[in-house]
Amino acid sequence: MKVVVLGANSFSGQDFVDLLLDDPKYDVLGVSRSPERGSLFLNYRTRRDLARYRYHRLDMNRDNSDLLALLDREKPEAIVNFAAQSEVAPSWDHPEHWFQTNTVALAKLVNHLRKQKYLKRYLHVSSPEAYGTCVGRVTEDAPLNPSTPYAASKAAADFLLKTYAKQFGFPLVTVRATNVYGARQQLFKIIPRSAIYMKLGTPIELHGGGRAVKSYIHIRDVSLGEKLILERGRQSHIYNLSPNAGVEVREVVQQM
């Protein structure tokens with residue numbers, strides 16, 4: 001089975017690629033806008049044999065036509081889309097950039113793909129940010145209530161995809177996972193950043209005193225869930241991946 005992973009250079013994308021390559025039935029094409037990095041940030045680059053993996057550097061915005069041509073040439077049975085502008089705070093400064101990538105470029109992609117016969121499954125990686133500020137257990141049927149431009153762009157994408165699934169039978173499955181962590185994560189994230197600061201003896205600044213409650217889940221657990229959803233998820237369904245309880249950010253730092 002041929003799978004294209006969009007956003008393969010991302011923290012979540014690279015781990016998913018690595019997991020797929022454990023299974024000999026998958027041939028994988030990775031696509032990201034940045035140059036392919038080394039094993040420090042890409043787990044699959046530690047493998048001796050990458051015969052079933054190919055990488056293409058393409059930007060969903062700038063290289064949209066080339067991306068569509070690649071997909072039509074390769075005819076993947078499945079596409080898993082991690083590609084997104086994902087940082088929350090900077091989205092307030094240039095919200096148009098977040099909507100361009102997360103909504104407009106996606107609309108071009110999906111409108112093309114819905115006319116193609118080769119695609120059997122499209123796994124869309126959304127974000128729990130689309131639910132907005134939540135208290136208690138959040139289920140998949142919770143209303144979307146975004147509170148940042150980033151979250152609004154992801155919610156808009158989700159509504160768009162839902163429309164294509166409803167009107168054209170687009171083979172959509174959606175996943176929303178809570179805060180991930182693990183080896184090879186971007187160094188500005190709270191867990192790797194705190195570890196580095198502790199090694200350096202540098203004070204760790206926590207926004208809002210670290211009182212925010214977040215749900216953390218290991219990246220490999222998320223990848224395993226996404227692979228299962230790719231293989232067995234019900235079309236047009238949404239799947240949340242999260243532990244049952246949250247923890248204050250400062251408690252996470254204190255445990256390190």
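Begin at the second largest pocket, which has a volume of about 280 Å³; a pocket here is an open set of points on a 1 Å grid over the protein atoms alone, with protein on both sides within 12 Å along at least five of seven lines, and a volume is the space filled by probe spheres set on points joined across faces, edges and corners. Select L144, D158, K162, R176 and I238, which are the closest to the pocket's centre among the 16 residues that line it, a lining residue being one with an atom within 4 Å of a point. This is a predicted model, in which local features need pLDDT of at least 70 and side-chain atom pairs count only at pLDDT 80 or more, whereas totals for chains, interfaces and linings use all residues. Residues are numbered from 1 along each chain as its sequence is written, and side-chain values use heavy atoms, with hydrogens and water left out.

Next, colour α4 (149-168) and β6 (172-177), each of which supplies at least two residues of this pocket's lining; helices (H or I, at least four residues) and strands (E, at least two) are DSSP runs, numbered from the N terminus. The largest share of the lining, 5 residues, comes from α4. By class, the lining has 8 nonpolar, 3 polar and 5 charged residues, where Asp, Glu, Lys and Arg count as charged, Ala, Val, Leu, Ile, Met, Phe, Trp, Tyr, Cys and Pro as nonpolar, and the others, Gly among them, as polar.

Move on to the cavity, a set of points where a 1.4 Å probe fits but cannot get out. The structure holds 1 cavity of 30 Å³ or more, and the largest cavity has a volume of about 40 Å³. To outline it, select M60, N81, A83, A84, T101, N102, L106, H124 and K154; helix α3 (residues 95-113) gives the largest share of this lining, 3 residues.

Finally, select strand β2 (residues 27-32), which is largely enclosed by the rest of the structure because 5 of its 6 residues are buried, meaning under 20% relative accessible area with a 1.4 Å probe and protein chains only. Strand β1 (residues 2-6) pairs with β2 in the parallel sense over 5 bridges, pairing requiring at least two bridges found by DSSP, and V3 has V28 in β2 as its bridge partner. Strand β3 (residues 53-57) also runs parallel to β2, joined by 5 bridges, and here L29 stands opposite R54.

Methods. Buried < 20%, exposed > 50% of the residue type's maximum accessible area, 1.4 Å probe, protein only.
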